[in-house]
Amino acid sequence: MLFVVVLVAVLWVLAIRRAPLTVWAGAIAIATFLAQSDLIDGVARAPEFGATQLLAWIPAIVLALLTLPAVRRAVLIKPAYGLLKGTLPKVSDTETQALEAGTVGFDAELFSGRPDWDKLRGLPPIVLTNEEQAFLDGPTEELCGMIDDWRIRFTEREIPQEIWDFVAQHGFLGMLISKEHGGLGFSAQAQSLILGKIASRSPDVSTIVMVPNSLGPGELIEKYGTTEQKHHYLPRLAKGEEIPCFALTGPTSGSDAAAMRDIGHVCRGLYKGQEVLGIRLNWDKRYITLGPKATLLGLAFRLFDEDNLLGKGTDVGITLALIPTSHSGVEIGRRHLPCGQAFPNGPTWGKDVFIPMTWVIGGQAQAGNGWRMLMECLAAGRAISLPSSATAGTKAMLRLTSAYARIRKQFGIPIARMDGIGEPLARLVESAYVNEAGRAVTAAMVSRGERPSVISALMKYQTTERMRRAVNDAMDIHGGRAICDGPHNYLLSPYQMVPVGITVEGANILTRTLITFAQGALRSHPHLYDEVKAIQNPDRAAGLNAFDKAFCGHISFTISNIAGALFHNLTFGAFAGTPDNVGMRERWYRQVSRQSRNFALLADMMVISLGGGLKTQQKLTGRMADALSELYLVSCVLKRFEDDGRPPSDKPLVELAARNGLFRCQEALIGVIDNFPMMPMRFILSVLVFPFGRPYRPASDRLAKSILPLALEPGEARDRLTRHIYVSDDADDAGGLLEVTLTKVIAAEPAEKKLERAIRAGTVRRYHGLDWYAEAVSKGVLTQAEADQLRDADQHVARAIAVDHFDPAELKPNYEVADRSESRLASRAAE
């Protein structure tokens, strides 16, 4: 029995350690020899070689033969190659370009089941240059102070010209353009913080800064443009002399680029009186942000070359071009109204528009490479733009709502002290902390030159979804104060903007169910994409060689995941990987490593079992995306705590975020197992992943309650939770009034307690028409100074909780019915 136990233990270790085939063959041969020679009983004798004894050597012999390439290819690789050729998912050209455009980062560590924590901890914390910090503290702060949100989204429904002039003058539109070409050349971390700070003040203004610094002509020209294009356009874009937009989405091609009906034909035509090689275009695009104001249109279209004038065949592929909006035939200027917001967004179309070939981004050589160019830029841009604004919005919701909940009273106490209010408040604290942790780590990756396609997708959908929950929680806590719009309503603008962030750059449903895991499995799995490329290689001999290496690695990976997952789940993660010098956080590192094994196992089983059908199982892939997201974000939380210097006040918050994140990951994995298409696999996976049932529970009410003082008490902890957003101390500003009032209310609390006791005792009466402060002074309840302090605080509270109201005439539209009818007729004619 001891021999059997030791043998199983050795083989288990070999499986977990992904030992090579030669080691397996040797280990089994030694075990067979020991068993037959009775050395395990202390008796040395020559092994017998009867029929039964010879059969025992078959496993060692088979494994030894498989180490020989010729034998392995004949009996294993070629049959597997033929079988998997029809089952592994097919990867189209556009998918291939999308997969190869981005880079893999810590997502690959989580897919591996053995995350290397040093890679995550090696990312720099939030670091800005002196120039970047000065810009954040100077022009960005000044811009935020200029913004009048009510004027923008209601009175004018337009970004005022002085805002456009300010952002152009100070280089906001050229943050990602290099200094060589007249831009600011800021890091991704700086761009993220600047965009976030503006977003915390106005989503509309943030949008007009975000778009030129995300997927658009500026980045495309910087990376792929010709020398002439760079010298002409980049300085003009950096200075705001050109307003760019990029037109990709059309009525039939939202996320499905292959369905694009916008086309161009290579031909010869007249440009400035001369015959040149060019393209005749027809397009119909919509949802184009900055389109109505743009002077430079970036256009994506499918290019055909029937006469093969470019030498690239008849179907050249998706191509990108730069077109001045003043060019003949370009139709632009009409507007959509996305959720009633004021940022410019609208359609563009053109019919038989001729452009010279030199307007293709990168020139003739880059014709047909548009999709790859877009995906490479999107992988980085998506990691910065929406996560930064969603994170800042979540922090702003926390800052505003915690102040309001502390100063607003019901039943004689601040509503923040009610358990029912404490629950959404705790969610706000958690969301703000977790979103910022993920934002900072992801921006650090991009600043280092990475283009994390999978992580950017999960960050986009996770941060915007958490922002949606944060806004809803803030609205619930504010109640009627939040639903009545007006100049002093600071919640309705983000509430209206939330669906926009969730929809753009791919609706979250798509990002979650198709991109994050379905593409992530191909991109981040250590062997799958290599197998797919090998099978699709037109050179069969080269494909077989590549498949041999990838397939053998995949077998070792699968065996390791099975053994490793069961081992770590039986031992409750006690031996899972953890970095050095992390103290009490060691258990959370171990649990993330443990769940990473489970995730890797399930991901592998889904790929093996479903093959090409993986893309159709979108409920399963969505749950796997959720599990991956939670593992990544908990990892970022642990890193944030380290980067922040391990503040003792944040320990309960780290525990709460880790507990809730691991619980949500667990529930997502259970959902995958319970709905796995093959019933026998459900039982097997349940035993491997959850041998003792559910190991995680969400954070307790007591723990959630313990983190509330971090947000409710002014000070370093509250500032750290809401760092890098715009905070006003002007009592004439709606948000600033909350900050001023909070300070005054806390200072007046001792006097307030005296007054409340007197009111309950009937000594002082508090009704409209009476001066209860003077009465309290006259009866010796308060001193005059205390009464003045309390009166001042209460006056500020009354202003802070007041709701805007209007004369009905103020709310009438500023245009006549006839004008509206004419506008509708024009719109129909345009359609």
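V10 has 38% relative accessibility and therefore counts as partly exposed, where buried means under 20% relative accessible area, exposed over 50%, and partly exposed in between (1.4 Å probe, protein chains only). V10 is found in helix α1, which covers residues 2–16; helices (H or I, at least four residues) and strands (E, at least two) are DSSP runs, numbered from the N terminus. This is a predicted model, in which local features need pLDDT of at least 70, side-chain atom pairs count only at pLDDT 80 or more, and totals for chains, interfaces and linings use all residues. Residues are numbered from 1 along each chain as its sequence is written, and side-chain values use heavy atoms, with hydrogens and water left out.

Aromatic rings come next. Rings of Phe, Tyr and Trp (its six-membered ring) pair if their centres lie within 6.5 Å, and planes under 30 degrees apart count as stacked, over 60 as edge-to-face and the rest as tilted. By this rule the count comes to 17 aromatic pairs, and two of them are set out here.

| Pair | Centre to centre | Angle between planes | Type |
|---|---|---|---|
| F166 and F172 | 6.2 Å | 35° | tilted |
| Y271 and W359 | 5.5 Å | 80° | edge-to-face |

Y271 lies in strand β2 (residues 263–271) and W359 in the loop between β7 (345–356) and α17 (370–407), so their pair ties together parts that are 88 residues apart in sequence. Y271, at 24% relative accessibility, counts as partly exposed, whereas W359, at 12%, counts as buried. Both F166 and F172 are buried, and together with F135 and F186 they form one aromatic cluster.
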